[in-house]
Amino acid sequence: MFRRLRRPLVLAAGLAGALVATVSPSAAQGPGVAERGRALFSAKKCVHCHAPRGQQGRAPAVEELRRPQGAYELAGRFWNHAPDMFATLRQEGVEWPEITAVEMADFMLYLQADPARDPAPDLSRGQALLVRKGCLKCHRFRGEGGLVGVELTQTQPGYDSPAVWAAASWRHAPRMAEEAKRMGVLYPRFSGEEMGNLVGFLRSSVKSP
């Protein structure tokens, strides 16, 4: 069962900063287990809204979610879905479900997401997305940008692992939505190859130790 909210969520310092606090990337690099992902889909109560086709649910049926797709593509869908889901759970007094990077790897396999389906990142498009999606309103890139989030050229485990990135995105997205609302800016959304392009560019920009 979800735990009831006991206190307001504290805004995260930033998506990239959240990556540091997750499990190590090596723990999430494995392929995941689809059956564990199916069990998690039920245990995390996702099935309450995303019910099997033919059953009552207020969100797309689970069969619509399970389809061949890229891992970063799915991470983008998780990111896009988070604000509406967070608002619904908050209205019901239900706490946001936590998903670890290891669990996310299982979720991804269950939902038929495969990193091999993500095309090679287009770094020039990723660079353009960094600006166009408003990331620099909070984050810094080579010292330029906002002061809310971390410097994006610092080494981050999630740059090299779709599961760690997706888990950090999942954890950070509702807080990002709150911060965007407070700042009066649009919450960024990602489609198709955009998330993979952005992460690819950030990975290529990490400072050498």
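Analyst: In this predicted model, the largest pocket has a volume of about 750 Å³. Its lining is made up of 30 residues. Those that lie nearest the centre of the pocket are Cys 46, Cys 49, His 50, His 81 and Met 85. Sorted by class, the lining holds 16 nonpolar residues, nine charged residues and five polar residues.

The largest share comes from α4, with eight residues.

Helix α4 also packs against another helix. Two packed helices are described by the angle between their axes and the distance between the axes. For α4 and helix α8 (residues 194-204), the angle is about 110° and the axes are 8 Å apart. Angles of 65 to 115 degrees count as roughly perpendicular, and α4 and α8 are therefore roughly perpendicular to each other. On the α4 side, the contact involves Tyr 72, Ala 75, Gly 76 and Trp 79. These residues meet Met 195, Gly 196, Val 199 and Arg 203 in α8. The residues of this contact divide into five nonpolar, two polar and one charged.

To summarise, α4 provides eight residues of the pocket lining and also packs with α8 at an angle of about 110°.

Notes
Residues are numbered from 1 along each chain as its sequence is written. This is a predicted model: local features need pLDDT of at least 70, side-chain atom pairs count only at pLDDT 80 or more; totals for chains, interfaces and linings use all residues. Side-chain values use heavy atoms; hydrogens and water are left out. On a 1 Å grid over the protein atoms alone, a cavity is a set of points where a 1.4 Å probe fits but cannot get out, and a pocket is an open set with protein on both sides within 12 Å along at least five of seven lines; lining residues have an atom within 4 Å of a point. Grid points are joined across faces, edges and corners, and a volume is the space filled by probe spheres set on the points. Helices (H or I, at least four residues) and strands (E, at least two) are DSSP runs, numbered from the N terminus. Ala, Val, Leu, Ile, Met, Phe, Trp, Tyr, Cys and Pro count as nonpolar, Asp, Glu, Lys and Arg as charged, and the others, Gly among them, as polar. Axes are lines fitted to C-alpha atoms, for helices over the stretch in contact, and angles run from 0 to 180 degrees between N-to-C directions. Angles under 35 degrees count as roughly parallel, over 145 as roughly antiparallel, 65 to 115 as roughly perpendicular and the rest as oblique. Contact means heavy atoms within 4.5 Å.
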